[in-house]
Amino acid sequence: MLWPSTSDINDFKALPDSVKSELEGDTIQIPNVAAYFSDNYRDEVISFYLQDYQSKYNFPFPPLKLNHPPEYSWIAIKKHTDTTYLEELIYPLRDSFYINGFEPFYSDSTPKFWGATQFEAGDMLWETKTTLRFYPSTIIIRFVVWFMVILSMGMIYILGKRIIFEK
Amino acid sequence: MKFNKYLELILFWLVAFLFVFIPLYPKFPLLNVQGTFVAIRIEDIVIALTVGLWGIYIILSNQVRILLKDKLIQALLLFFVVGAFSVFSATFLTHSVSWHLSLLHFFRRVEFMLLLPIAATVIKTKRQLIIILILLSITVAAVNLYGLGQQYLDWPVISTTNSEFSKGLILRLTPGARVNSTFAGHYDLAVFLAATVVILTPLFFVVKKRFKIPIFVLGSLSFLMLIMTAARVSFVAAFIGIISSVILIKKRKLLALIFVVIIIALIYPSQLRDRLISTITVNLFQQGQRYEGKTQDQKIRGKLNIPTLAIKTSSTSASTSTFASPSGDLATDIAPGEPVDTTQLGVYRSFQIRLQIEWPRAINAFLKNPFLGTGYSSLGIATDNDFLRSLGEAGLLGTLGFILVLIETVKRIWRIYKSEDKFIKYFSAGILSMILAFVINGLFIDVFEASKVASLFWMILGLNLAVEKFKE
């Protein structure tokens, strides 16, 4: 609960061998969003940010990895986000870090769907776009929520004992 | 004192009115809420009015302290408090809800569940209980007749099964569509009818002779209508509920007869029979002819199954990459790998939506915040398993709070069931079995969130609990 955490998307590393997107919607329009064009595919991207996320907190165990339906990116990242996968890294009751990947091609460069094109950015062509969104939490909110959890546990224990065991 | 008596009487008739109005009034929206197609309806206003009056009555009759000492009220309050905590956590920590939608869904639950203490405190005598049961029976008859009218006389259908329908459109049943009567969804109607047949079964054996035939007709009609809804889970829930009620009233000899009736119902050609068979052949044994896709693009998209991806279109040809089938033999939106037979397709999708989308979404939500979940409304309109939904939306603590309410309610009804009064005993046996039927339904349908059936569920429980305080 009191363990310090980061509060800005820019605290996370940029993807290796990538160009940061300057497109509207990928910079300042939506809070804590960043996007990178690269040739990194899902496995590389997820393991890269898994390590980076864990290193920010210095917990001895990795964050929980949740796989969401791609279309959920319209809620978790922003509306009209192009997507082929969406994963979330999270330490429960703390911050959420969403990784949305848009991969128009398989890693052997076969198109995945009609209209698949490469991305042009920084005078180069790229095969994937990774969009990140970070939902930070403040220490006050974490404290309040933990207080609520402990209070609820206590009330459920006391009332539960009475309801189950008293005649 | 006199004012309290008037208030008591007004509240009793308001509750009686709700028992009739909630099941019968179609789901016409009154006020729309941004971001959802769940609307505020007239019944919400009437319930709010009832809650307000009940609050005044409780204060004026000095019952606040007594109520606060009541374990069931404490359990309800605890559930509401944990629910409010969950809304807070979802809004400010997990950022998984829009606060106004989460509050709307939270207050919906409060609204439904408050009907339990209201019914339990304002129904004071056995005579009042019987008045309500008679009104309920007439209401059930009206629901059934209206359903028959929809099926055979083209009477209007109001549905909330999608965002467009839920605006209050007047529809008609199309061939093969399932009847929903005044319940706006065939599943909701099926849950209501399952509860009806389960309660009527023991009542049939305890009422005076002159009431036996009307109850038998009403029960048979409800059972027939239940078959017409083709809702498999509710049918199974009704079956188990009837068996439970027969065991509770110690008429075990009837079990063989019940099995025979159920087997006949399953053999007789109906959508229900076809869907039950398809459940076994398609969902369990993966049989049935599958659609393979007509174009390369369909096959490619079928593999990805991401609705937000671009769809191939052409300005020179009518053929596109969508899964539309111009022949009319196939469902227009069929995807490669799905059964071609329409009944099998419906059954397949019904299960796959739960297995691949709704249930994993609820499990993810639970993992994200195991204590308080990701908040009411975070899982959308449906999870089709009320217990997973509860774990996902309100976490382990919210679910435990809910379970405590159910345990305390069941314990009390069990005590009433031990009563010497045969009518009360048989009525309680029916209610205990109804709870079981609801729990079974809850494994595949969100029964505790479906407004009409959830409201009626808590009111009927209140009706039974009112017996504890009867004056005669």
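Student: How many residues of chain A are in contact with chain B, and how many of chain B with chain A?

Tutor: In this predicted model, 43 residues of chain A are in contact with 40 residues of chain B.

Student: What area is buried between chain A and chain B?

Tutor: The size of an interface is often given as the accessible area lost when the parts come together. Here the area buried between chain A and chain B is about 3,700 Å², and carbon and sulfur atoms give 74% of that area. Trp114(A), Ile156(A) and Ile163(A) supply 20% of the area that chain A buries against chain B, which is more than any other three residues supply.

Student: How many salt bridges are there between chain A and chain B?

Tutor: Side chains of opposite charge can pair when their charged atoms come close. Between chain A and chain B the count is two salt bridges, and the side chains of Glu166(A) and Lys71(B) meet in a salt bridge with an N to O distance of 3.7 Å.

Student: In what order do the strands of the open sheet in chain A stand?

Tutor: Strands of a sheet pair through backbone hydrogen bonds, either parallel or antiparallel. In chain A, six strands form an open sheet in the order β1-β2-β8-β5-β4-β3, with antiparallel pairing. Strands β1 (19-20) and β3 (64-68) of chain A stand at the edges with a single partner strand each, so one side of each is left without a neighbour in the sheet. Within the sheet, seven bridges join β5 (residues 96-102) to β8 (residues 128-135) of chain A, and Phe97(A) stands opposite Phe134(A) in β8(A). Helix α13 (residues 342-368) of chain B packs on this sheet, touching β3, β4 and β5 of chain A.

Student: Which residues have the most contacts inside the largest nonpolar core?

Tutor: In soluble globular proteins, nonpolar side chains tend to be buried together. The largest nonpolar core has 134 residues, and those with the most contacts inside it are Ile123(B), Met434(B) and Trp458(B). Helix α7 (residues 186-206) of chain B contributes the largest share of this core, 13 residues. A second, separate core has 19 residues, including Tyr36(A) and Phe48(A).

Student: Is the salt-bridge pair of Glu393(B) and Arg109(B) buried or exposed?

Tutor: The closest N and O atoms of Glu393(B) and Arg109(B) are 3.1 Å apart, and the pair links helix α14 (residues 386-417) to helix α5 (residues 99-122) of chain B, 284 residues apart. Buried means under 20% relative accessible area, so Glu393(B), at 1%, is buried, and Arg109(B), at 5%, is buried too.

Notes:
Residues numbered from 1 in each chain as written. Chains lettered and ligands numbered in written order. Predicted model: local features only at pLDDT ≥ 70, side-chain atom pairs only at ≥ 80, totals over all residues. Heavy atoms only, no water. Pairing = 2+ DSSP bridges. Helix = DSSP H or I, 4+ residues; strand = E, 2+ residues; numbered from the N terminus. Contact = heavy atoms within 4.5 Å. Axes fitted to C-alpha atoms, helices over the stretch in contact; angles between N-to-C directions. Core = buried A, V, L, I, M, F, W, Y, C linked by side-chain atoms within 4.5 Å. Buried < 20%, exposed > 50% of the residue type's maximum accessible area, 1.4 Å probe, protein only. Buried area = accessible area lost by both parts, 1.4 Å probe. Salt bridge = Lys/Arg side-chain N within 4 Å of Asp/Glu carboxyl O.
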